[in-house]
Structure formats: C-alpha cells, structure tokens
Amino acid sequence: MGEQLLQLLLTGLTLGSIYSIIALTLVTTFNVTGILNLAQGEFVVIGALIAVSLQGTGMPMAVVFLVSVILVGILGGLLERLTINRARGASSLGMLIITIGLSISLRGLALLIWGTDTYSLPAFSQGGSIMIGGAALNPQSIWIFALVAVTLAGLYGFFEHTFWGKAVKASVYNQTGARLQGINLNTISLLAFVSAGGLGAAAGVSIGPITMVTYDMGFMLGVKGFVAAAIGGLSNVGGAVIGGILLGILESFSSGLISSGLKDAISIIILLGVLLIRPEGIIGAIRERKI
Amino acid sequence: MLLELSGISKHFGGIVAVKDIGFGVKEGSILALIGPNGAGKTTLFNIITGALPPEAGSVTINGREIVGLKPFEIASAGITRTFQNLQLFGSMTVLENVMAGAYLRSKKGFVRSFLSFPGTCREEKKIREESLILLEEIGLAETAGLPATQLPFGKQRLLEIARALASRPALVLLDEPAAGLNPSETEALTDYLKKLKTKGTAMILIEHDMQTVMEAADRIVVLNFGQMIAEGTPAEIQAHPEVIKAYLGEDEKIA
Amino acid sequence: MKNMSKGLKRRLGLALLLVISLLISACSPTKEADVKSTTASANEPYKIGAVLDISGNSSSLGVPERDTLLMMVEKLNSEGGINGHPVDLTIMDNKSDETESVLAAKTLIEKGSLAILGASSSGTSMAMIKTVESEKVPMISLAAASSIVEPTSDRKWVFKTAQSDIVMISKIISYLKKNDLNKIAFLYMNNSYGDNGKKAITAAVKDSGISIVAEEKFDANDKDMTPQLSKVKASEAQVVIVWAIPPSASILTKNFKDVGLTIPLIHSHGVGNQKFIELAQGAADGTLLPIGKLSVAQQITDADPQKKVLESYIADYVKKYNSEPNSFGGYAWDAFNLLVSALEKAGPDREAIRGELEKTQGFVGISGVFNMSPEDHNGLKEDSAVLVKVDQGKWKLIE
Amino acid sequence: MHLKNHKGLILLLFLLVIPLKIDSNYLYSTLVIIAIYSIVVQGLGILMGYAGQVSFGHAAFFGLGGYTAAILTTRFQWPTLLALLAAAILPGIIAAIIGRQTLKLRELYLALATLGFGILVHIIFNEGGELTGGPSGMSGIPNLTIGIISFDNDQKFYLLVWFMLLLILVGIYNLVHSRTGRALCSIRESEYAAENAGVDCARLKLQAFIFSALLAGLAGGLYAFYVSFISPSPFSFHTSVQFVLMAVIGGLGTFWGPLLGAVVVVSLNELLREIVPLLIPGAGGEYQIIIYGIILVGLMIFQPKGLSSIGRYFRLPLKKELKPEG
C-alpha cells in the first residue's frame, strides 16, 4: 500500500509538471494582456511537432529546442499582429472567441502539415525511470520542473529588474498612465504573444517525451491548463504552478484510489468549488483586474 | 417623516467614510446634501439604496427598516436614484431607458411576457404613454427614438433623472444632476425639480452648484470628512460659521 | 418599436438571401438524383459514396481508409470498371462527428449513391443507421462494434467488415486456457472501443473459469496510466489484457515496464500498427495481441487462402503511398471489394445489392474470409485472427 | 404591436412551406439540424445577448435533454411526447439548482464554471453505465409521435421542428419587446442601475438561465428522436463552443441573430464540404477547419457585432433620422 501511494504521488508530480507549465504560460499572457488565450494548447502542440520534424533531420536536441521556441514565438507574434492587434477594443468574450478561432485554424494547419499520426520525442536525458522506494519517477518530469523554475525566475527577473518588465507591469495596472509615460501597449501585447508562443513551444518540446504528440491534443491540454490556472487564481503565476501540481496529484490519487472514470469529474468538482467559494484561487493573492 | 436615517456609520479599511449620520426627509420636500469631495455623500446614497451595507445605524422609509434589504427591494419600497458617473442603458433608446425605469409599474413576469404579444397588452401601452409624457416634461421627447449613448452629456443626465422618476418613487436620490448642464439647462432643471416636489415627490440632492441648492432645497445637510457638521434651512446654512469655514473656505461667499 | 420593425425588415433581407442560397445549393443534388432514375446507359458510372472520419478524433482510422479507397477506385477504373461501368466514388469527411455523419449520408443518398461505405468509428456508424434503414440504402461500416449489425432484424441494410470484438477475445481466451492463466486484469480505454471490449470480455469469461480480478479504465487523452497499473500490481492478476489504441496504449505499455510488472501483457487488435511499437519506444517487446493477418502476411503459410490477397494489397499500397497499409485500410479494402462483387451481380439496384451482400460466401478479404447470412452481417469467424507477439519491434506469428 | 411588426415571422412561415415542393431529404435534414441548433441558440441568445451572461456549458443541457428523451422512451417506455416534455423540463430543473450560485460569478469566471459543468455532465453520460449506455451510447430511440402523427420521415420532422422554432421565435419576439426583455437588457448594460429600477437581477438572470436550459433540453430531445441514436460525443465541450459561436456570429442581442448564426454555421460547414474538394482536390476536413477558423476570426475583427448588424449596410435612410441636439 505504501509503495502504491508513493507511486501515485510520483505520477501525480509527473502529470502536475505538465499542467503547471501550461498553466504558467496561460497566466503570463492573461496577466499582461487580459486575454485568456484558448489557442495556447495549440502553441504547445505546434512547438512539439516542429521539434519532431527538426529532430528527424538529426539536429542535436538543444538546437531543436531553441529553433522550435523561436519559430513558434514568431508564429505567436505574427498571429497577434494579424488578429488580436486588429481587434483592439473587442470585449473579453470577443477576444476569447478570436482565440478559439485561432485555435481551430492552428489545429487544422497542424493536421495539414503533420497529419493524424502520433509522434514521440526523445527524452532529454537517457536512461530509464528513477526508482524511489520501489516507485518509479519519470526523469523527464524533473526537466519539466526545471523549465517551470527557469520560467518563473525569468518572469521575476524580467518584471522586477528590467525597464521593459516594469513598463509591462505599469501597463497592466494602468493603461492610460502607461500610455502617458510613452509605453507602447501595442508592443507589449506583441511581446506577450511572442513569449506565449515561445513558452508554449518550450512546454511542448519538454512534455512531448511523456505525452507523445498528436495534432489535436492541444485542446485537452489547454483545458487542463485552465483548470490548473483557475485553481491557482487565474492571475497568479505561483498559483498556476501550484494549481498544476495539485491537479496532477489529485488526478493520480483519484484514479488510483477511487475510479479512473471519475478522476476528471473530481478535478472539475474541485474547480467549481474553488470558483464558487474562493474565486481568487487557493493562493489568496487577490488582485482586481479589469477584464 | 418619509425617510429617516440614524446613527449610520461606515469605514473603508481604516478610513471613516461616514460616521453617525442621522437626518430625515419629509414627504414632498427637497433635502440637499453638500460637502467637499470625499465627504461621504455618495457613500450615503449607496447605503440608502442598499448597494453598501452600513456597519451601524438604521434607515427607515415610512417607518419600515430597509437596512439589509437588497437594492431592488429598496427600489420597490419607493426609493430610486441617479448616478454621478452615468449608468444609462447605452444600447437602448431613450424611450426604452425610461420604460425600463418603469419596471415596477407593471407586473408581467418572464413566462407571461413570453406568451403574450406586446401589442395586445394594456399594461405595455400604459407604460409607453406614461414614459413619453415624462420625456415630454423633462424635454427629451423629440429624442425618444435615439440610442441613449447618442445624446449629449447634459441630456444623458436628464435621461437618468427621467428613468429614476419612471417608477413614480416616493423619494429620488439625485447625484449631481446639474453637472455638465449649461446655465439655462440648470435653471430649467431646477424649475422641474420644484414642480416635481409640488406633485409630492421627495428628493435628496447632491449638488455642487450652490445656486441650485439654495433655490431648490427645503433643508440642507452638510457633510465633512464623513461627519455631519450642520443641518438646517438654506438661510441657516448660509449663516453657519462652521460651514463657511470647513466647506467653502474663508474667501468664498455662499451665493 | 417602430425602429425595431424597420430593423426586422432589413434583416429579413439577409435571412432571405441565405435561405435562398441554401435552397439553390440543395436543389443541385436533387437534379443529380433525378438523373439516376433515367435508364442507365452502357457506360453510366456507378455512384458509390463513403463517409469517413478523416479529421477529428478518429482521423487515424479514416485517413488510411480514404487512401485505400482512392487507390482501389483508381485501379478498378483503369481496369475497366464493373462490367464496363466506371465507379464514381464520393468520399465525405464527417469530422468524427455524429451529426455530420448523418448529413453526409443524406447528401450521398441524394446524389444517387448506390451504397455507402463507412463510417470509420462505431458512433459515427451508429448515427447513420436510421438514415440508411429508412432510405433503403446498403451501408458497409468499417467499425468494429457488433451493435452496428445486431440485431440484424433492425439492421437489414447494414453490414460491417471489421472483426467483432468477440472474434478477437475468443482468440485470447483460448490462449489463456492453454497457458492456464485464469486471473486477469482488464484495462480499457474509456470510449466506445474500450467499452465494447469490456462488454465482450465480460460476456466471454462467464462460466469459463476465468475471473477478472481487476478492472480499470483510462481516457484517450490520459498521459500516464501508472495509477491504474499500480492497482493491478497490488492485485493477484496473472495477466493483463488491454483494450485501447495508441497513443494511450503505447503510454500504458511504457508505464507497464516502468512500474516493474512482469506478468504477460495482452493488447487488442487496436494496436495492430507499427505506430504502436514505435511510440512505446522499446517497451512493446513481448506484448501479445490478436490481430488480422495483414500485419504478418509474410509469416502465414502459403496454404492460407488470404495470403495472396494480403500480399497484393500490401504491394499496391506500398507502391502508391510508400508505406505499409494497416488493418483500417484493410476494412476499407474489404468493404469496397464486397460492394464491387455485389455490384457485378446486382447492377445499379440498391435492393439487389443488399441481397447480394447478404449472400456473400467465401469472399477472401484482408480481414478474413467473409461468409454472410441474414443472421450475420459481418461474416467473420475466429479463424480470421491470429495471435502475434512483438519481438524486437516486429510482429511475430506465434501459432 | 400589430401584425405588420410580425412581417418577418409571417414571411418565414411562407418560406417554410416552399421547400415542401422539393424532394430532397438532404435539404430537410440540413434544415432540421439548423432548426435544432437554432432552438438552443435562441435560448443562449437570451442568456448571452440580453441578460449578458456567458455559458460554455449548453451542450450539457442539450445532452441532458437528449438523454432524458432516450432513456425515458427506451428504458421506461414512456410515450414520446411526454418524454420530449421531460427532456425540456429536466434540464430546466437542473439549471434552477446550479444557476443561483453559478450566476454570481462574472465574465471569465462564469465561462470557466459553465465549462466545468459541461465537462462534468459529459463525464456522467460516459459513466452512466447501463442507464446511458456508456461511451457506446444507446440506439433504438422510437420515432416521435404526437397523437396519431408519427414523425417518421425527414419532411414531417422538418415541419415539426420549424413550426416549434417559429412558435419560439414569436415568444422571444414578445419577450424581448416586453418589460422583462427591457429588464434583461438593463442587466446587461448596468446591473447597478437595473437593481435601482427594481429589477431583481439574480432572479431574472436565473430565469433566463432556466429558459435557455429548457430550450436546449427541448432541442436535445428533438435531436434524439431525429437521429434515433445518442452517444456522449455530440455533447462535448466542442458543441458548447459551437453554440456560443453561432450566437456570436449571428449577433448578440438581436432578434434574428440566433437563427442567422445557426443557418450560417451549418450552411458554411456543408458548403465548405462541397466547395473545398473542388478547389483543392483530395482535401478533407483539415482545409475546412482552417477556413472555418479564419472566417470566424475575420468576422470577430471586422464585424464584431455579428452578421445581423451587416443588415445596416443595406439600410437606406427612408426617413430622416432625428438628430440629437448639439
């Protein structure tokens, strides 16, 4: 029994690492632009699929990772210029629908280029799973956590210690004020989507070895990411990571101990509970935000 | 007394918004609430209409306690208001705004609305006629079919007043009704309010334009930093030394 | 209100335009349908339709089926068609959506299709049944669920080419009995494929002395099945049977090794493609599964009646698409050729085609040798499947 | 007010009879599907366009209606008409139970909560075992019979659903031009001001939510009887999104919007399926998906108020509009 529990915990951490990284990218865009980007899951998938193609040419994994991040970053920026930027002033629902449209188109594009096949990506490090007290941990999840940590540190450094970071923060709190100080909201929105693309691709390449990659898996990943982000409070970066880990552990334990058919139901019930009782998320940093 | 406030207090964080406020409004009278910005006037409106719960004190209308009631219940008890930052129904026409304000004048609920033709409904016809009359009185009749947002700012203020009056309330709370109006419009508004008073509608008025206040109000309550510093007739207030000091400053005279 | 009525009028203009354009677009197929009723001239093409899950969830089924059908039609027409009549095949994508499946079927019928091939998955096939039954159009589904053709009293016009789950399960049961394994853990995917597998195995183990000691399911989107496997590990199961398709079947196989389970692992025919082995990244070795003979065509004896057919299908497919065909393509091959042979005898008459399909005897196809009857609209028996083992990344026949 | 204001509806009634001359079951089924979706979107239009509350969970009510009809007729042998009524009422009751708490949430939080509800109900369909038939669904749902008329072919069904839709349209026309309609609009515009006019916002929002759930359930019941097979997959989150898209594409807060949205989305799907393979031989759904997405995004950018508002471009000023005083 003890071994089973430990195994469930480790599995939960593996799943949690995946959900965290996606929730993190969602929350970052949301915080900066106020847009809940439903196409985020598609960025993840396209990042991973590009990596699959690049990896086929025999490039080393580190280069594959970088190129994929850059390409999807450009894609994110391009889409922002073509759509989001042109729809400035749309309601939050309108923006949500635009991102739904983008997600539909990107999924179609992925289907067109890569087809319906499922692909696998090699793990970053060789060797089988790490055994801890008779339970197995997938080493790739350590890499994903490392990516989460680096991203968090990067975000912190950017927002607290660079001019641009401070500018973005200022614009979040006060759009008019930011404009008065000569901060270009246009550029900030572009920046947000470039980084959403880049981060999405980074997430895709790192989770690929565990999840495998199919053109249509972005949507489900996106939804899980939302649930994680909402549990964490939707606008809280740290909350997103913790929400993701909690969601992973919750899923793992409920499918291992209760019923695998009901595990999604259990996480949704938690989501509804959080929304109704503590809409600011389990980590109580309430921040009013006009959306 | 139609409306009676006593011992109303409210804090925001550590800051006193209003403290121990108490006064009354008679049927068919106008009470003006004056004081510098941040004195707690709008907070008081929010408390009376149920948008904010007070920490202490009571509000009664015709002797009935209304603290703790929801805003719509207070509206059906006969108190409506206008907003300082306009809250018009922007996508609706001027007439529809007033008709929406007359919500309490008719009864038909969701199911009956779904099942009956609007044209066959006597209630609906009555509301429409009454609303048109109201618009006529307040001088917006010829703009009845325009979207509310297309009105100039001053007219939007008038429309808010018309909407607040549409349900025939016993008491209307007017939050700076003359702001943004030109002198002749202000004068017309003052006349209209006085006429309304003679018809039996009581009003509480937040206003910075002293001429309007002095002309229209029967009684004046002066707030400063959430405290009530004076109450009385316009003449009494004009002469009140503390008011002059606190509110108007030394070198300004009350008109 | 006056304004509103004006608005209504103008908006009506637009609504009218749309309705009219819809009417026009709908009229054109009607005309085509009229053509069909005129007497067929000598080289009048035979119209057949296919509704496949080309995009959406089940696209991994629909795509090889589409490719196979396109190849078959091209080949047939270049060889002169059916008794001189070329075949005009219209393939429609239902996007793995049941409602779209119904609409696609109706379009095809409207366009005069003599029969409908598809759909690819159970749900999309089930959704079309009412339509083909009431319009009296023969339909050959490419999906596995036995409920598609049963009860045949309500499924007069519906046939299917994929082996029913029970065929595969009997194969597994005989293996279990031979090796004296009688405590099984059953893991299945939480969709209609897994659900049908579960129903079939629950029925099959009844009174057989075999008991299911653990039963777990997982979602098609799940990324880790360790929790389910850790439950199996804690049970006294002697063998694990899995009813799923890749990628989740592959992930499960990887997890199976990770948690250190050493008992035999038996998959279903749903993993019968190279992709499964590839995605499992080495973990698939030693896995057993029942499967149609396509994957092991070279290994079956020359005496097997299917050998020739299988080899020619593989050769054709590899030549055209430069990749190996899989069993889904095989279902399409069977459906197409069953229909062609019925058309040869019956001509362009739906009722007669249905009759001929039901009379099919000894038809050698990719999935097996079909023997249809009024009670059996699938016509495949246990001999249509073989048991194979994954050995160093390759299928190895073990019988 | 008078008959002339219902011109649109009357014309629609005529339009309904015209296709009876055409012998095309494909046209009828397309129109049936349009009407079924449109019924859902009518309710959603009231909820989103008038009351201003978004829902990403209406596929759940649609599905609950479908399953109610399917289960009552196949498992409990209820008469079909009674089952159809139950299919509308049950989702209404469920909406009443969950609505009070849920509707306190705003904007994106409400979207997330309704999304969660939709996923939850979808799981219940999947996990319902014998009752719902699990992931394989249930078949053999009988034809809808009202009195002695059995709606057993496309043409009859077409007449039935469009007649129902027409009744609903009339009702909605009444609703939006009534006191309640104005109150709903006022909630959307400013909840503060609506409360001050005496509108019980919480109650009215709940009523709109229940109403939309009733219509979704009714449509679900019709769907079950029409296709006669039901499984969880048509009631997933994707369908909820589809409904929202129809409402938005048609134009929120407009009378013809929901119908227009359903017509456009379904016809576009069918049209793309016909046209795309002509333009790009051998193309499947992937191109359709891309084009569909692009059209959607383009519409939101260039016509964010929905297609109904395009009608304005066709409008010539017949009467000089009243100018506001400067």
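Helices (H or I, at least four residues) and strands (E, at least two) are DSSP runs, numbered from the N terminus. The views below show a predicted model, in which local features need pLDDT of at least 70, side-chain atom pairs count only at pLDDT 80 or more, and totals for chains, interfaces and linings use all residues. Residues are numbered from 1 along each chain as its sequence is written, while chains are lettered from A and ligands numbered from 1 in the order in which they are written.

**View 1. The annotated span of chain C.** Residues 45-391 of chain C are 42% helix and 18% strand, and the end C-alpha atoms of this span lie 47 Å apart. An unreviewed UniProt entry annotates these residues of chain C as "domain: Leucine-binding protein". UniProt positions are given in the numbering used here, feature names are shortened, and annotations may be inferred rather than shown by experiment.

**View 2. Confidence along chain C.** The pLDDT, which is the predictor's confidence in each residue from 0 to 100, averages 86 in chain C, and 89% of the residues score at least 70. Within chain C, the lowest confidence is a mean of 46 in helix α1 (residues 2-37), and the highest is 97 in strand β4 (residues 139-141).

**View 3. The two domains of chain C.** Chain C is divided into domain 1 (46-164 + 308-379) and domain 2 (165-300 + 385-397); such bounds come from an automatic or database domain assignment. The centres of these two domains of chain C, taken over C-alpha atoms, are separated by 28 Å. In domain 1 of chain C, 18 residues are in contact with 15 residues of domain 2 of chain C, where contact means that the C-beta atoms of two residues, placed from the backbone, lie within 7 Å. On the side of domain 1 of chain C that touches domain 2 of chain C, α10(C) gives the most, with three residues. That side has six nonpolar, ten polar and two charged residues. Here Ala, Val, Leu, Ile, Met, Phe, Trp, Tyr, Cys and Pro count as nonpolar, Asp, Glu, Lys and Arg as charged, and the others, Gly among them, as polar.

**View 4. The two domains of chain B.** Domain 1 (1-78 + 170-255) and domain 2 (88-168) make up the division of chain B. Twelve residues of domain 1 of chain B are in contact with ten residues of domain 2 of chain B. α7(B) supplies the largest share of the side of domain 1 of chain B that touches domain 2 of chain B, namely three residues. By class, this side has eight nonpolar, three polar and one charged residues.

**View 5. Chain D against chain A.** The contact takes 27 residues from chain D and 33 residues from chain A. On the side of chain D that touches chain A, the elements giving two or more residues are α5 (107-127), α11 (237-250) and α13 (285-302) of chain D. The residues of this side are 21 nonpolar, three polar and three charged.

**View 6. A helix pair in chain D.** Two packed helices are described by the angle between their axes and the distance between the axes. The axes of helix α4 (residues 80-102) and helix α10 (residues 201-227) of chain D come within 7 Å and cross at roughly 145°. Axes are lines fitted to C-alpha atoms, for helices over the stretch in contact, and angles run from 0 to 180 degrees between N-to-C directions. The contact of α4(D) with α10(D) comprises 17 nonpolar, six polar and one charged residues.
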